[in-house]
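Me: Could you walk me through the aromatic rings in this protein, one question at a time?

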Amino acid sequence: RIQSHINVVLEIGIESFKLLITIKSCVFCRKNDDCANKYGEKKTNEKWNLTVHYYCLLMSSGIWQRGKEEEGMYGFLVEDIRKEVNRASKLKCSVCKKNGASIGCVAPRCKRSYHFPCGLQRECIFQFTGNFASFCWKHRPVQIITPNNYRDSVPCTICLEFIAPVPTYSVLRSPCCKNAWFHRDCVQVQAINAGVFFFRCTICNNSDIFQKEMLRMGIHIPEKDASWELEENAYQELLEPYEHCDVRRCRCKEGRDYNGPDSKWEIKRCQCCGSSGTHLACSSLRSWEQNWECSECRSIIYNSGNNFRKAKKHSLPNSNNVAITDCLLEESSPKLPRQSPGAQSKDLLRQGSKFRRDISTILIELGFQIKKKSKRLCIKKADIWNSAVDEFRNQNFNPSYIIEVVFLEKDNFGREQPGSKQEFLCLLMQYLENSPMFEGSLSKNLSLNSQALKENLYYEAGKMLAISLVHGGPSPGFFSKTLFNCLAYGPENTQPILDDISDFDVAQIIIRIKTATNMDDLNSVINECYNYLELSGCLRHITALTDKYMLVEDILVYHVIKRVQAPFESFKQGLKTLGVLEKIQMYPEAFCNILCHKPDSLSAKILKDLFTVHTLPNVPALGFWNSYLQNVEDGKSATTMEDILIFATGCNSIPPTGFKPAPSIECLHMDFPIGNKCNNCLALPITSTYKKFQENMDFAIRNTLRLEKEKRSHYNGH
């Protein structure tokens, strides 16, 4: 037997043999093909030694997605996959006659089973929507087409090759344009490249009717951005403002391309088209706030009459008016592969993430609303929340003004200290995360706090979050996925999970209902919790054990969504400040990263690159600084990376839009470091040895942060 193996190696070559033993086959179809367009992504879990094709896993009849997206494989738990493989091992494929047929036809009384590749070979149809049904070659859906007068072949509207205009498995017709025909393979490739937001009829651009029919006929439409939108910095040029003086006679000696901010040589763009500009002095403008139109736009405006000049601006679309009656998925399904709740509504999809945008770019664009006027906020650092509420409710406060912060000392003199705006916003976000308006441990949902509701504090919380994001504050990072989905896609398209329940008693009720194994146990739990179920409106007539899942869903929706409807609406109104909520609904994927996830941990390299050095490069303290960062990262110091950043800037993480001004380092002849949070400047001590440098850095940073924390704790204790 060993000799026969040696002969095989000699025949196919050592390299080919190595390749042969490393290629792993899908546990469902037993094929090692890696063709994403046909079988979906091929994925291997090295820990459990499992390899699957995405479509083979998704279409298997006896498995449901019970985990989160990051659990198991695509949210399907490993133990469920093994059970499904074991079940399929007893079923013979109707095509290849081998065992392992995990997919069955859903037609009544049809007993055909098959592997996914075998089903494709026999022209079965797999519907990637609803309950993810599959149909064998005898029962598959067909397109009903009235007799036509086509005598000759017509071109495929995608590849332009001629095809016979007869609906078959390989040839499909557009439901909205009777003259649009195409190959199944062509339209499938187009769907994968375009994604759900850009996949539409090639003739009339209809997406609703077209997508529904294509899903029925087995075309997979992934919920993702179009491939041409995923290129890095694809729209970067749109962020470059126009800076050129176009008046007939430019008076600037530095030239037409010179732009001097806060001077008479600052470029002012046309308020109508934005594609022409002028120096303030070249058009006799006294201030940047004055309106200016280029000659072309001015002629159009005046030739169009007064009605044009007095026309009101159209308001931006309001997400509250989005209709949700027409759903892309006809009914909810326990299989939800890689789909956000927004995929359930076509109207929401039209307002969904049309471009994959970088969050810093989006926030910088929102920052264009900030005017050159400034508003001074007097903040008590020890009472950050109440002083912030008072200032934001001041009738002279405008969220589009530049924020300047001064911190008031808590003493008899009320002394003022120049404050850091980013430190103020960081402290404000920390308070919000731990405030009684939110509940949960790490991922938080809105709580029902009657006092906060009475004082309209949920609105203020939403307003503060919006202002913080636009004005350069830190990533909040404490939203639960459920709270975020309610904001981005609407509560009606969001399904809470057990982790959203922070009330221990309610969680126990849900667990007991879910784990009931027979009707007697289920009825016993319902009788014990009768008062709660009746009060919450979740009491329902139970006729079968499977009704427990609907009961659990009702309880989750009530406790997490319906119970806090009033706080949620108030919080959402606050988030509309400066247009933040609209951007969240337009680019949910980008905002999810900063609202639901904490920033990545800081490293020595990140901090080293973050700080600009404003001193001579050969100063020994700079070498000490680099060594100090590495020691902190290696855990050889009681100080953390976050402590260093807080000491220098007031923030424990890098804001999505970065620091303004950029953090810098300088070296001074002193014993201990000094952090200037207003300028984001860290002054390093000059010492003779590294040991002394580290001791002084650790002592100053730890004690400064400890004293500040004690001051805040002292006030909160009172």
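Me: Happy to have you here! Is Phe699 buried, partly exposed or exposed?
Reply: Bear in mind that this is a predicted model. The relative accessible area of Phe699 is 46%. Buried needs under 20% and exposed needs over 50%, so Phe699 comes out as partly exposed.

Me: And what about Phe672, buried or exposed or in between?
Reply: Phe672 has a relative accessibility of 37%. Values between the 20% and 50% limits fall in the middle class, so Phe672 is partly exposed.

Me: How are the rings of Phe438 and Phe478 arranged?
Reply: Among the 23 aromatic pairs counted here, this one has its ring centres 5.2 Å apart and its planes at 85 degrees. Angles over 60 degrees fall in one class, so Phe438 and Phe478 are edge-to-face.

Me: How many residues apart are Phe438 and Phe478?
Reply: Phe438 belongs to strand E16, while Phe478 is in the loop between helix H16 and helix H17. Both residues are buried. The pair links distant parts of the chain, and the separation is 40 residues.

Me: Which kind of pair do Phe672 and Phe699 form?
Reply: Their centres are 5.6 Å apart, with 45 degrees between the planes.

Me: Which charged residue lies over the face of Tyr169?
Reply: A charge can sit over a ring when its end atom is within 6 Å of the centre. Here the distance from the ring centre is 4.1 Å, and the residue is Arg184.

Conventions:
Residues are numbered from 1 along each chain as its sequence is written. This is a predicted model: local features need pLDDT of at least 70, side-chain atom pairs count only at pLDDT 80 or more; totals for chains, interfaces and linings use all residues. Side-chain values use heavy atoms; hydrogens and water are left out. Rings of Phe, Tyr and Trp (its six-membered ring) pair if their centres lie within 6.5 Å; planes under 30 degrees apart count as stacked, over 60 as edge-to-face and the rest as tilted. Helices (H or I, at least four residues) and strands (E, at least two) are DSSP runs, numbered from the N terminus. Buried means under 20% relative accessible area, exposed over 50%, partly exposed in between (1.4 Å probe, protein chains only). A charge sits over a ring if NZ of Lys or CZ of Arg is within 6 Å of the ring centre and within 35 degrees of the ring normal.
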